[in-house]
Amino acid sequence: MDLSWTTATTALVAIFTISKAFKFVSGLKAVDYLPGLWVPFQPLSLLGVLVPEASWNPGVIFVWTWRHTRNIYRRFGSDTVSVVPFISGAPTIYTRSMDVTKQVVTVGHKTGAFAKTDDMGRAFLFWGPSIVIAASLDQWRRHRRIAGPAFNNDTYQLVWNATHKVYSDMIDCEGWAEKGTINVPCIQSLTTKFTLIIIATCGFGLPFSWGEPPSHDGQMSIQQCMEIITLRNTFAIAAPNWAWKLPLPWVQQTRQAFDTMRAFMNSHIQARREAINSSADDDTSKDILSLLVRASEYDEGKRHLDNEELIGNIFALLFAGHETTSHSLAATLGFLSLYPSIQDEIVEQVHEVAKGRDNDEITYDDYSKLDKVLAAFYEGIRMFPAGVYLIREAKQDTVLNLSGIDEEPKMLPVKKGTHAVVDMIGVHYNPQYFPDPEEFKPSRWYANSTSNAYIADGEDHTGFSIGPRSCLGKKFATTEAVCFLVLLLRDWRVEPLLSVNVSTGAKETKEEWRERVMQARMTLTMGVRDVPLTFTKRV
């Protein structure tokens, strides 16, 4: 009997080993033996995410954590490399080349050679199909056709005005008006709340305010729900149904957050549906929630959304509309705190634009004149892109040209099923596109900057994605960010809140603060660690 078990175990191990060897060789062939990493799990696969980061398991954001010590592009001497797993995940091509990126994202989108992976955006798919994760071109066009009209100049004017109001509410409710100096241990506690209120009120017409955080039936606040959902999305994706019933406090809290969020969305959907059905047939409300609910009321046709799609879109846009902007504002303010001269340049521009007006009033009409504010925000996004990866899958056998400008063509055959990952950290820190990439230099984004041809042709290097499926809410986010930064920097000087060594009483230096604080943290999107800041009122 022992021999039989030993034989069976040996046979199973042999079969497993041989199957994984075949998988590995097949993966190498799929990327035409392009140099790169050989790992047990593809870093973005479920096992790659769940298994702790190690030398043999790079981890989700190894492109950040390894960028100084084990940079894969320097290591293999190319802006495009392979990551081939031998246990779990698809063979993958990682690139920090804009030329290859455009072939994958723009040309591939048009030809159908590359498209979003079927399992991409699992965290959002948990709530239902949406514009954020639509895999096929037809699905994406349908969702965009429905939501697109909500993003217009009337909305951006509304965003600007709402940002003014919420900023004033924040100052009053947080008690800043009576103080000359404010210490904020984590600026994200303010930016997250701020951006959630803006997207909820302007995008969805929901009754959010600074003093009264929204909740459902007096339960957990929606901001708390969002924070828990963000932190525990991996559990939601991977856990079987029985795991949600475990009598563990954190599991029960997670379930409450998900249940409260779904009940909150359902209640507001029902209220909006009743309002639409009871109004005149020519109702033309253009906020996102009205457009989505109205689409769900159509019985048939290209614009119909079923209830699952309705919930999926609302969650995805509510989440994407505040999480990424919050992260980017936190990073921007963190860097600005280290560069008082850049703050002074911005404030000088604000005063110049508002010259002759009462209380230095700034309006939405001034948006295009505030390029130094916008440039600082773009630079914050460049250094901490919330969307770390653009992930596509080869839907057919195809080829990529890996050659640089004025080089002989270097064609890479790519097999169907191979994944292509545009590494936005790699792109944003590529000295070919951004000289001195570790330096915070908003001037590289100024409208009259001609130092780099890639920057001159648009805003491709921001966290708003690239190509025809770039972020629908880009102008929404930049309008909100510019207005918020204008108001905040006009009234307050920002400095890093330096920690004190308990033993010696010595304060850390700004360089030590940057090394400690300005590091990446990954949840559903990438952001900076908790940013502690000091605000001093300008006189």
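Trainee: Why is Arg493 counted as partly exposed?

Mentor: In this predicted model, Arg493 has a relative accessibility of 27%. Buried means under 20% and exposed means over 50%, so at 27% Arg493 counts as partly exposed.

Trainee: What makes the pairing of Arg493 and Asp344 a salt bridge?

Mentor: The side chains of Arg493 and Asp344 meet at 3.3 Å, N to O. The cut-off is within 4 Å for a side-chain nitrogen of Lys or Arg and a carboxyl oxygen of Asp or Glu, so the pair qualifies. Arg493 in strand 10 (residues 492-496) and Asp344 in helix 16 (residues 340-353) are 149 residues apart, and the pair links distant parts of the chain. As for Asp344, its relative accessibility is 35%, so Asp344 counts as partly exposed. There is also a network of salt bridges here, linking Asp344, Arg493 and Arg538.

Trainee: How many salt bridges does the rule give?

Mentor: The count comes to 16 salt bridges. Another one of them joins Glu379 and Arg444, with the closest N and O atoms 3.0 Å apart. That pair also links distant parts of the chain: Glu379 belongs to helix 17 (residues 371-383), while Arg444 is in the loop between helix 18 (424-428) and helix 19 (453-456), 65 residues apart.

Trainee: How do you know whether Glu379 is buried or exposed?

Mentor: Set its value against the cut-off. The relative accessible area of Glu379 is 0%, and buried means under 20%, so Glu379 is buried. Arg444 has 7%, so Arg444 is buried as well.

Trainee: Which labels do Asp491 and Arg490 get?

Mentor: Their side chains meet in a salt bridge at 3.1 Å, N to O. Asp491 has 23% relative accessibility, so Asp491 counts as partly exposed. Arg490 has 16%, so Arg490 counts as buried.

Trainee: Why is Gln343 called buried?

Mentor: Gln343 lies in helix 16, and its relative accessible area is 0%, so Gln343 is buried. Leaving aside neighbours within four places in sequence, Gln343 is in contact with residues including Leu336, Trp492, Arg493 and Arg538.

Trainee: What makes Glu323 a buried residue?

Mentor: Glu323 has 7% relative accessibility, so Glu323 counts as buried. Its place is in helix 15 (residues 323-338). Not counting residues up to four places away in sequence, Glu323 touches Thr230, Thr523 and Thr525. The C-alpha atoms of Glu323 and Gly527 are separated by 9.1 Å, although the two residues are 204 apart along the chain.

Trainee: What makes the link from Glu323 to His327 a polar contact?

Mentor: The two side chains are 3.0 Å apart in that contact.

Trainee: Why is strand 9 described as largely enclosed?

Mentor: In strand 9 (residues 419-423), 5 of the 5 residues are buried, so the strand is largely enclosed by the rest of the structure. His419, Val421 and Asp423 point one way, while Ala420 and Val422 point the other way. In a regular strand the side chains alternate between the two faces of the sheet.

Trainee: How do you know which strands pair with strand 9?

Mentor: Pairing needs at least two bridges. Strand 3 (residues 92-95) pairs with strand 9 in the parallel sense over 4 bridges, and Tyr94 has Val421 as its bridge partner. Strand 6 (residues 389-394) runs antiparallel to strand 9, with 5 bridges joining them; there, Arg392 stands opposite Ala420.

Trainee: Which residues have the most contacts inside the largest nonpolar core?

Mentor: They are Tyr94, Trp176, Met261, Phe384 and Phe535, in a core of 158 residues. Helix 20 (residues 474-491) gives the most to this core, with 11 residues. Trp176 touches residues including Ile171, Leu488, Trp492 and Phe535. In soluble globular proteins, nonpolar side chains tend to be buried together.

Trainee: What share of the chain is buried?

Mentor: Buried residues make up 52% of the 539 residues.

Technical notes
Residues numbered from 1 in each chain as written. Predicted model: local features only at pLDDT ≥ 70, side-chain atom pairs only at ≥ 80, totals over all residues. Heavy atoms only, no water. Helix = DSSP H or I, 4+ residues; strand = E, 2+ residues; numbered from the N terminus. Buried < 20%, exposed > 50% of the residue type's maximum accessible area, 1.4 Å probe, protein only. Contact = heavy atoms within 4.5 Å. Core = buried A, V, L, I, M, F, W, Y, C linked by side-chain atoms within 4.5 Å. Polar contact = N/O pair within 3.5 Å; in protein donor to acceptor, adjacent residues only side chain to side chain.
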